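Start with the view below.

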Amino acid sequence: MACRSVARAERVSRGTASINPGLKQFSFPMPCLPIERTRDSDRKPCSQYATSPSWENLAATVSVTSESSLRCLFGIRRQEHLWMSTRQFSAAWSRLLEMGIEHFDAFGSIEPSALSFCLDGFRVSLAPLRVSLVKIWGVMFTLWPVKRVKSRGTSDIRNTVGNIPMEWYKDYPHIGYDLDGKKIFKPIRNKDELDEFLDKMDNPDYWRTVQDKMTGADIRLSDEQVDLVHRLQEGKFGDVNFNEYEPAVDFFSNEVMIHPVTNRPQDKRSFIPSLIEKEKVSKLVHAIKMGWIKPRRPKETTPQYYDLWAKEDPNSILGRHKMHVPAPKMKLPGHEESYNPPPEYLMSEEERLAWEQQDPEDRKLSFLPQKFACLRAVPAYSRFIHERFERCLDLYLCPRQRKMRVNVNPEDLIPKLPKPKDLQPFPTTQSLVYRGHTSLVRSISVSPSGQWLVSGSDDCTVRFWEVSTARCLKTLEVGGAVKGVSWNPNPAVCLVAVSYDDTILLLNPGLGDRLLCTATDQLISSYEEPEEAKDQPVQWAVSEGEGHEQGHRLVLKHPKAVRQVTWHGKGDYLACVMPDNSSNLQVVIHQVSKRRTQNPFRKSKGLVQCVSFHPVRPYFFVATQRYVRVYNLIKQELTKKLMANCKWISSMSVHPAGDNVICGSYDCRLAWFDLDLSTKPYKVLRHHKKALRSVAYHNHYPLFASGSDDGSVIVCHGMVYNDLLQNPLIVPVKVLKGHTITHDLGVLDVTFHPTQPWVFSSGADGTVRLFT
Amino acid sequence: MGGLQKKKYESGSATNYITRNKARKKLSLSLADFRRLCILKGIYPHEPKHKKKVNKGSTAPRTFYLLKDIRFLLHEPIVGKFREYKIFVRKLRKAYGKAEWGGVERLKENKPVYKLDHIIKERYPTFIDALRDVDDSLSMCFLFSTFARTGKCHVQTIQLCRRLSVEWMNYIISSRSLRKVFLSIKGIYYQAEVLGQTITWIIPYQFAHDHPTDVDYRVMATFTEFYTTLLGFVNFRLYQTLNLVYPPKLDGQGEISLKSEFEEDYALESESYTEKLSALSASLARMVPSAEEEETELDHFPTEGEDLEKMEVREKMEQEQIKQKKFFEGLKFFLNREVPRESLAFVIRCFGGEVSWDKSLCIGSTYDATDETITHHIVDRPSIDKQYINRYYIQPQWVYDSVNAKILLPVEEYFLGVTLPPHLSPFVEETEGDYVPPEKLKLMALQRGEKPQTEEDEEEEEEEEEEEEEDDDDEEDDQSEEEDEANLAEMEDKRSRGKSLSVKVTPGKAKAENRKRAAEEEKAEEKRLAIMMMKKREKYLYDKIMFGKKRNVREANKLAAKRKAHDDASKEDKKKKKKKC
């Protein structure tokens, strides 16, 4: 027990008070009495004395000299931090109370926040000063160390610096402070290396000498301590007497023991029926008796049926049901599924093999029809479950759709057309065949009078025929395969234009009226050479000599091969086509009376297929592969461009009234253009099976014909009305067949008789046929 | 011009459809449960018009459902039950794993169950709707009732199916609504007309099934679950309309007559009643015990009795039908043990005949084979030892053929050991241009009341006629045409060659112009020309129709040719035999 100077305590307390001025409010009326030590331990913690026990000044001074004693006071273990939680603090106080200080009862009600504040103060004061005066709840404590009872006789030089790095004291002569606060001086160490070595050599206990860091003194370890160190180094238990390997004794073993584990007699209650249970059971029995508890009903396994549709209210029909597509019923079996079908439904051997080789999905029947002599012989159908399963799959996996089955009578689909009988006249039968050519007849033309027919063929001849008798009147050899012939449409002139290779011949066949022929000759010979000769793309030459006798009148030499030649309606102008994609000289127009040649186009607009004059107005039609261009010759401009909607136009014909054009194409189409309507076809006819070679209008009758590679000529009724509001009526009236197909070519040219409803056709079989 | 830019696939058909997987996720069900739900609710996928649009640009093959359908499924209480069941299974598994047998018991007791009543009401708001859709459920129930009570599905299901199918057959018997029967190689088809609805079902032949491995029995079981519920309610309602007791009970007389010594041997006590019911040999009990007079008439119920009085005024058709309904009445059949008992008993009873069989064959036989009043004894073996003189011994096909023909067919062709006439399908209705087998023609003649000629005469006559006709036609046509053509060709040749024509004027034959033919040709030409003028789309359709027609004609011709070849061959065989004799 030690008492320390009050003056010092006061000094410290003053400092502390100045730190915590607000603590005054926590002053309680509490008697502060000396705290008596009640516990016996070798560390006597402390004793406290109230400086003045009066009510006015309730400052208590507690002197604690070291940290450890404080710990001891508050029951804090060494490992814990001194920073106390409020709970620990209150526990500590309660321990204080335990020690017999009943008067501190009131502390229990102190607010924790205030406590923690106090604790702060406590902590601050502790660390540097070692001894501090703490004012808690208005009570002053002086913490002072308790004198340690020395267990050994040696002077206790305990260092009080605590657990700090000792190198802090490296530069000082002392190494810390003892319990009395006096410096502990470092032992005088003047040992150098040599001394050390000598010591090591001389001192037999050198190896067990350890320097105490806290005091700097050398300590010689005792035998027990050395032994302990050894044991710890070896990883053994520190206590010598501890046996790690004691024999294990099973508490419970497989041996059946005759004695109970515990010798405790059984409880009495285990022999007496439980009253509580009895009460419970009786309650249940009563409930069962009263019918409150019923035994569990056996579960209904069979479904209960009732009249589900007892109240069929129309409101319950949802909108869904209107959308619902009921599943189609399964197909009903036919005769072939019978166990005893008629013999024709059984499969023959080949059919059976074919059936077996088909994929199951492709088979028309899913089973093989079989015949059994009697019902008893019919086996089970092996795919029965499969079929039911497939039906199930269909029901829930197949999308359903309402398919509008077109239940049309095929007869209703056929358009109602006027009967061909009512549209007569038109050619119906083949009446004459003009034979004589040995090769393809490429082109034919009829004289304006309708008496003569001219045909040009690949055998390099031009033949003149009398239409009514099929007699060949004249055969002219020309220098090449004849590509086109064309009779001058002017009835006052007897002139035929024939094109072969790069030449156009103007012939006077000398048929018919002699006057007419001579007049034609005169007309040609009456030409006078103009004064200034223009250089023209085409050379005009008058044929003389033998040629003249044969009927040749004029020879026009072109720079390129001429394919088609066509006359203007008046008979003075002549247009010819020299198809060549690259040059602008594809079409030339000749004027026979002035022997002049014009090249109307400056630019090439594609491969020209054929050209035609407008029958009345000064228009000029040029058909390229896909378009027909209509030019105004007077204004010299493009008026229209007709789109044929086909791949390759082969031929073209202009209606005698001039408002309609038909185009035949190599892709089997015939396009009818109404120039007043649009530039697109009014109607496209796909009557032929193969490419169209030629189309023609009749001059007077509402007829047009088309010849094709399939060897047929189709005559159609094509009525054009004067009324602009009424569209043309197109009715096919007759399919004329007669030409045989040679080298995949059938009919090459068709043309109508100028006055009669007759049609001529020339074919690849070297014949010309007349249909009347 | 302002406004937000429209995003692709956020409106229109893309939003009306939902893929199966998305639908499944939306309902948060496993695929199996989703499948089950679709089956029960009758939801089927839809094929969108523009699949790529709906599929958001992808062309992957997907199944689409209508979004509306899936939304409709969201409100289904059964979905909750499915989830509960899933949890139940999980708990049960856990309990098994922990070997908590008490827990297992408890869980099993509280197994979640669902009822399909509301779904049936919802899918079939009226009774007629349900009746219309009962075909598949019948076929399925009959199939399941033939399954062995092991393996593939629950025993309860099989028992329930059997019960329902027996109920149905009993109803058909008491309402006399069977119309057609067909013995196919797959099974026996029955067609009945119930409340104006034609209902067809198929029953497999009585054999043990060879269960295929590539069939998902879970799907089948789900369907069966639905179908049994539907059929139960339909049966209840049907029994109610006939004033019969449901579940069916044998009427007093029947019950007494069915008592026999063998009862205990035949079946367990619990099952003997259902067995008796399924024997189909006794009539059912009625709710309102009918008057005694009517009770003497078997299977006649008051409603129909009233109708009969009025029926005199009604059309002949209906009378005929009534007659046909009981055209076996007064006949007593006895089934030998090798014939399919259930099917024959069902058919015979449907048309008012009395039927019995050997006591040891099945419960419910009413009289013995020795009964003198038996008129028809149905046997399916080549010969029988002990024959009674006052009854016909016939093969079972006679019953079925008679039912389909609606008259009692002559029994001669169906005697024992005789080659049976072909059994024709009563479901085929020949339209114009279809092939009609000659047996059918004969049958139709019989129905009209014409007396059939004896076979051989008929055949011979037919042959002769046919041959003659064919010959005549062919010769005339061919000759005339050929001659004409030949002449013309010759003439043309000569002309074209320009050779010295034999300028000889022969007396010209007046060309007999066949006016009719000419007119026809003209018409044909007209038609051809008109077809040329058809629009492309119409032409396509027309071609398609004509193609189908032509195919039908071709098939009919093929069948006819085959038949002819077969007949010829058989005739030759006969001739050879005769010669040998």
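## The interface

In this predicted model, 115 residues of chain B are in contact with 90 residues of chain A. Contact means heavy atoms within 4.5 Å. The size of an interface is often given as the accessible area lost when the parts come together. Here about 8700 Å² is buried between chain B and chain A, and carbon and sulfur atoms give 64% of that area. Buried area is the accessible area (1.4 Å probe) that two parts lose on being put together, summed over both.

Polar links also cross the interface. Between chain B and chain A there are 38 residue pairs in polar contact, both at pLDDT 80 or more. A polar contact is a pair of N or O atoms within 3.5 Å; within protein, one must be able to donate a hydrogen and the other to accept it, and residues adjacent in sequence count only if both atoms are side-chain atoms. On the side of chain B that touches chain A, helix 12 (residues 217-241) of chain B gives the most, with 14 residues. Helices (H or I, at least four residues) and strands (E, at least two) are DSSP runs, numbered from the N terminus. By class, that side of chain B has 61 nonpolar, 21 polar and 33 charged residues. Ala, Val, Leu, Ile, Met, Phe, Trp, Tyr, Cys and Pro count as nonpolar, Asp, Glu, Lys and Arg as charged, and the others, Gly among them, as polar.

## Salt bridges

Over all chains, the whole structure holds 45 salt bridges. The rule asks for a side-chain nitrogen of Lys or Arg within 4 Å of a carboxyl oxygen of Asp or Glu. Across the interface of chain B and chain A it finds 13 salt bridges.

Asp135(B) forms a salt bridge with Lys329(A), with the closest N and O atoms 3.6 Å apart.

## A helix pair in chain B

Helix 2 (residues 20-27) and helix 3 (residues 31-41) of chain B pack at about 95°, their axes 10 Å apart. Axes are lines fitted to C-alpha atoms, for helices over the stretch in contact, and angles run from 0 to 180 degrees between N-to-C directions. Helix 2 of chain B is therefore roughly perpendicular to helix 3 of chain B (65 to 115 degrees). Helix 2 of chain B contributes Arg20(B), Ala23(B), Arg24(B) and Leu27(B), while helix 3 of chain B contributes Leu31(B), Phe34(B) and Leu37(B).

## Backbone details

The peptide bond from Gln424(A) to Pro425(A) is cis, with omega near 10°. Another cis bond joins Tyr246(B) and Pro247(B), with omega about -10°.

## Conventions

Residues are numbered from 1 along each chain as its sequence is written, and chains are lettered from A and ligands numbered from 1 in the order in which they are written. In this predicted model local features need pLDDT of at least 70, side-chain atom pairs count only at pLDDT 80 or more, and totals for chains, interfaces and linings use all residues, while side-chain values use heavy atoms, with hydrogens and water left out.

Definitions and conventions. Angles under 35 degrees count as roughly parallel, over 145 as roughly antiparallel, 65 to 115 as roughly perpendicular and the rest as oblique.
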